Every structure is written in C-alpha cells, then in structure tokens.
Amino acid sequence: MTKRPFTVQAAAALQAAEGAAAVGFGVFTGVETATGAAVDPASAIGVTVLALAGGLGMLGCARGLLRAAQWSRAPTVLTQLFALPIAWSLWQSDRPAIAVPLGVVAVLALITVLSPPSTAWLIEDHDEDDDTPANDTEPAEPAAAPPPGEPRSLGRRLKDRLNEQPTKNSKN
C-alpha cells in the first residue's frame with residue numbers, strides 16, 4: 001500500500017474532531033433532556049438524535065478517509081460545506097468562541113481533503129496492494145501490472161463489468 005499523504009491524515013483528524021464534538025453535544029443534550037433541564041423536550045430529543053447520528057457518521061467518514069475508501073470523500077466535503085453556514089450563523093449570533101473554530105476547521109478540512117495529494121491517493125486502487133504473503137520464507141509471485149489504459153476508479157470498473165454481463169437478448 002502506498003504511503004498515506006499527510007493531507008489525508010489531516011482531513012481525517014479534522015473530520016474526526018468534528019464528529020467527536022457532535023457526539024459530545026448529542027450526549028450533553030441527551031443528559032439535559034433526561035434530567036428535565038431542556039426547555040423543549042421534544043426538540044431536545046430531535047437535536048440529540050441528529051447530533052449523535054451526524055457525529056457517528058462523521059467519525060465513520062474519518063475512518064473511511066484513513067482506509068482510502070473512495071466513498072468517504074464526498075460526505076466529508078458535504079459536512080464541511082454544511083459547517084460553513086453554521087459557523088456564519090453562530091458568528092452572527094455573537095458566538096465567536098464556537099463560530100471561529102468551526103469555520104477554521106471546516107476550511108482546513110476542505111483544503112486538505114480536496115488537495116491534489118489527497119485526491120490522487122483516494123482515487124488510487126489500494127485493494128491490489130494488499131497481496132502480501134503470509135509466510136515470509138516464500139517469495140511472492142509478482143502481481144501482474146494492469147495495462148496502462150485500464151481504468152482505476154471503482155465506478156469505471158463496475159461499468160466495465162456490467163458491460164461484460166450477457167443480456168437477455170444475446171444468444172450464448
């Protein structure tokens with residue numbers, strides 16, 4: 001497996017920090033609701049569920065980034081794009097102590113996850129790199145390199161496989 005770029009590690013760390021903060025906020029509102037301190041219990045339950053689900057989703061995306069899962073990039077970008085208007089709203093509500101860190105983290109996460117090293121590493125096919133032998137005494141057979149024109153993206157490989165499938169009208 002090729003070495004994970006620093007930008008991917010940074011994006012995953014920033015995404016995980018946001019996810020942990022969301023989970024923490026969800027736990028806090030859940031405890032407030034359970035103890036009866038919430039002003040509107042129905043809204044507090046909804047906020048608790050959304051914060052916990054969103055935080056766990058962000059933590060899952062951070063893990064996906066570290067594992068080079070191609071699916072993890074889009075939700076990470078969307079999370080940051082949603083965080084920017086929230087930070088702006090908090091800024092306008094005279095909450096700079098929350099708005100500034102949220103905005104800075106969102107911008108840094110966008111920069112790191114959309115950077116060229118992150119993009120190149122996340123679209124690379126890492127499944128073929130895991131063919132290491134279990135026994136170090138026997139040399140492994142060299143893996144056949146794919147032809148230069150072979151597509152590397154998951155979407156393209158799936159499309160090619162679908163085109164290879166026989167259709168109902170074809171006679172075998």
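Tutor: Of the 172 residues in the chain, 27% are buried; here buried means under 20% relative accessible area, exposed means over 50%, and partly exposed lies in between, with a 1.4 Å probe and protein chains only. What you see is a predicted model, in which local features need pLDDT of at least 70 and side-chain atom pairs count only at pLDDT 80 or more, while totals for chains, interfaces and linings use all residues. Residues are numbered from 1 along each chain as its sequence is written, and side-chain values use heavy atoms, with hydrogens and water left out.

Let us begin with the overall pattern. The chain has six helices and zero strands, giving α-α-α-α-α-α when read along the sequence. Helices (H or I, at least four residues) and strands (E, at least two) are DSSP runs, numbered from the N terminus.

Now for the part you asked about. The largest pocket holds about 590 Å³ of space. Twenty residues line this pocket, and Glu18, Ala22, Met58, Ile86 and Leu102 are the closest to its centre. Helices H1 (6-35), H2 (41-66), H3 and H4 each give two or more residues to the lining, and H2 gives the most, with six. By residue type, the lining divides into 16 nonpolar, three polar and one charged.

Some terms need spelling out here. On a 1 Å grid over the protein atoms alone, a pocket is an open set of points with protein on both sides within 12 Å along at least five of seven lines, whereas a cavity is a set where a 1.4 Å probe fits but cannot get out; lining residues have an atom within 4 Å of a point. Grid points are joined across faces, edges and corners, and the volume is the space filled by probe spheres set on the points. Ala, Val, Leu, Ile, Met, Phe, Trp, Tyr, Cys and Pro count as nonpolar, Asp, Glu, Lys and Arg as charged, and the others, Gly among them, as polar.

How do the helices around the pocket sit relative to each other? Alanine 17 belongs to helix H1; its C-alpha is 8.9 Å from that of methionine 58, a residue 41 positions apart in sequence. Alanine 17 is partly exposed, because its relative accessibility is 44%. Threonine 76, in helix H3, has its C-alpha 9.9 Å from that of leucine 59, 17 residues apart along the chain. With 0% relative accessibility, threonine 76 counts as buried.

A nonpolar surface patch of about 1,100 Å² includes Ile86, along with Leu78, Trp88 and Val104 among others. Helices H3 (73-92) and H4 (96-113) each give two or more residues to this patch, with H3 giving the most, seven. Leucine 78 lies in H3 and counts as partly exposed because its relative accessibility is 45%. Patches are made of residues with over 30% relative accessible area and no salt bridge, joining like charges within 9 Å and nonpolar side chains (Val, Leu, Ile, Met, Phe, Trp, Tyr) within 5 Å. A salt bridge is a side-chain nitrogen of Lys or Arg within 4 Å of a carboxyl oxygen of Asp or Glu. Accessible areas come from the Shrake-Rupley method with a 1.4 Å probe; for residues, only the protein chains shown count as cover.

Finally, look at the loops on either side of H3. Alanine 68, in the loop between H2 and H3, has a positive phi of about 65 degrees although it is not a glycine. Aspartate 94, in the loop between H3 and H4, has a positive phi of about 60 degrees and is not a glycine either. Alanine 68 is buried at 10% relative accessible area, whereas aspartate 94 is exposed at 67%.
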